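Subject: Structure handover

Dear colleague,

I am passing on the structure below, and the notes that follow it set out what was found. Please read them with the model open beside you.

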Amino acid sequence: MVNEFTPKIVQVDEYRFKVPREGNMRVDGIIYANEKIMRDIKDDQSLQQVANVATLPGIVKASLAMPDIHEGYGFPIGGVAAFDETGVISPGGVGYDINCGVRVIRSNLRREEVSGLMRELVNTLFDNIPTGVGSHRKDLKLGIHELESLLKSGARWAVLKGYGWQKDIDHIEESGCIKGADPAEVSPRALERGRAQVGTLGSGNHFVEVDLISEVYDEELAGGLGLEQGGIAIQVHTGSRGLGYQVCDDFIGVMIAAARKYGIDLADRQLCCAPLDSEEGRRYFAAMACAANFAFANRQMITHWVRESFSSVLGKSPEKLGLDLIYDVCHNIAKFEDHLVDGRQKRLCIHRKGATRALPPGHPQTPEAYKTIGQPVLIPGDMGRNSYVLVGTEAAGAETFASSCHGAGRLMSRSRASRTVKGKNIIKAMQDLGVIVKASGWRTLAEEIPEAYKDVTEVVDVVHNAGIARKVVQLKPLGVIKG
């Protein structure tokens, strides 16, 4: 370990805390939180990880953490770090579930139209969308050449194959495709894992959820997103499945060797990395982009089956039901973006690990449909509590490389959560909360109990009150399928 000190914490204001630069840190650490959340954060190693990330070469401005921060592999989950041309790229700054992300689909439906159909909707979604560890579609296993085409094109591949609408592409981060993907950098093992898993939800915290728009905070912004109180929306939360995990795993060893080769002192071996302009750095980015594109295509295909499921149960076409994609965001990604640093525009590699891009109104990369209101920021909660739709702000652009939180953030490990509810009927407990849940196994439900997470409302209130995202609507779960 390069950093052998306990990070000091200085409160800057009600929603910002600083880890002052010391030791081998090149920049300060900045944590967005309130006092209660900070007490929870101190229970794990995430603050040390914020300080460790600050030691990496080429890091710009600060090592950042969102209020849903918790301990991760190398980087904290909820961490954001930007690197200039002298900097590095690190698999630990992206995570194993590359481009785990979420999308929100609106509808013309009202609560009263689905209240008596919720169990049928949940069952139909569960039948149409494979869930669970190792889940795959029996009717869809891509050949290697077809899979490679998907890895290059992302969501566009899915739309060309009939999974969705052309206009969906304009409502996806990076238009559903990270440029620079090269399937030649993806191992045969990763390709084999991906062939059967495209179009599947997986397990863990991944879900498809039918939501009630339960509260509107800004009528004008909500109108711009096509959302209104009492309406129904659907969330899809999943990532790159086994292919993304394997890409990360394959490159950990490569990056450990690269750090030694280029003389990079690591505060933690899990921060293994390579210079952005190195062969190893370019290879990892090319493989990571493939996994990200797999995730975009995966969510696009699941959206198609969501539309088919609603159409089947309601007896109307997806078009008549108004099942339009609002937006799709990455939660685990490294991307090249232009940001102002010390008054100058710089090309930076932004690592967002458990964080959401939050572009402000008018930004060149803000989607055309949302140029005047800011990019949608989609924050899922847990299966028993609320989720939120926000928009990006000018403050996010100035302070956080246009980044916000990505969810509630775990309080309990999965094993501890399972022990907590041993012997309990979780499905009945969720039904008592007004939520119909269906999953492929008890274990996933046990690991994902609401108590295992921070209160997402507190997390969202921090980013809203700190000014780095603006609340638009609250979503309340009515029906959920999980792995």
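A disulfide is taken here as a pair of cysteine sulfur atoms within 2.5 Å, and by this rule the count comes to 0 disulfides. The model is a predicted one, in which local features need pLDDT of at least 70 and side-chain atom pairs count only at pLDDT 80 or more, while totals for chains, interfaces and linings use all residues. Residues are numbered from 1 along each chain as its sequence is written, and side-chain values use heavy atoms, with hydrogens and water left out.

Cysteines

The sulfur of Cys272 has its closest cysteine sulfur in Cys273, at 7.2 Å, which is too far for a bond; seen from Cys273, the closest cysteine sulfur is that of Cys272, again at 7.2 Å. Cys272 is buried, with a relative accessible area of 0%, where buried means under 20% relative accessible area, exposed means over 50%, and partly exposed lies in between (1.4 Å probe, protein chains only). Cys273 also counts as buried, at 0% relative accessibility.

The first strands

Helices (H or I, at least four residues) and strands (E, at least two) are DSSP runs numbered from the N terminus, and two strands pair if DSSP finds at least two bridges between them. Strand 1 (residues 10–13) runs antiparallel to strand 2 (residues 16–19) and is joined to it by 3 bridges, the two forming a hairpin with 2 residues between them. Within this pairing, Gln11 stands opposite Phe17 in strand 2. Strand 2 also pairs with strand 3 (residues 28–32), in the antiparallel sense and over 4 bridges, and here Arg16 stands opposite Tyr32 in strand 3.

Arg195

Arg195 lies in helix 7 (residues 188–195). Its side chain makes a polar contact with the side chain of Glu192 at 3.1 Å, a polar contact being a pair of N or O atoms within 3.5 Å, where within protein one must be able to donate a hydrogen and the other to accept it, and residues adjacent in sequence count only if both atoms are side-chain atoms. A polar atom of the Arg195 side chain also lies 2.7 Å from the backbone oxygen of Leu142. Not counting residues up to four places away in sequence, Arg195 touches Leu140, Lys141, Leu142, Gly143, Ile144 and Leu147, contact meaning heavy atoms within 4.5 Å.

Gly409

Gly409 lies in the loop between strand 17 (403–404) and helix 12 (414–420), and is buried at a relative accessible area of 3%. Leaving aside neighbours within four places in sequence, Gly409 is in contact with Asp68, His70, Tyr453 and Lys454.
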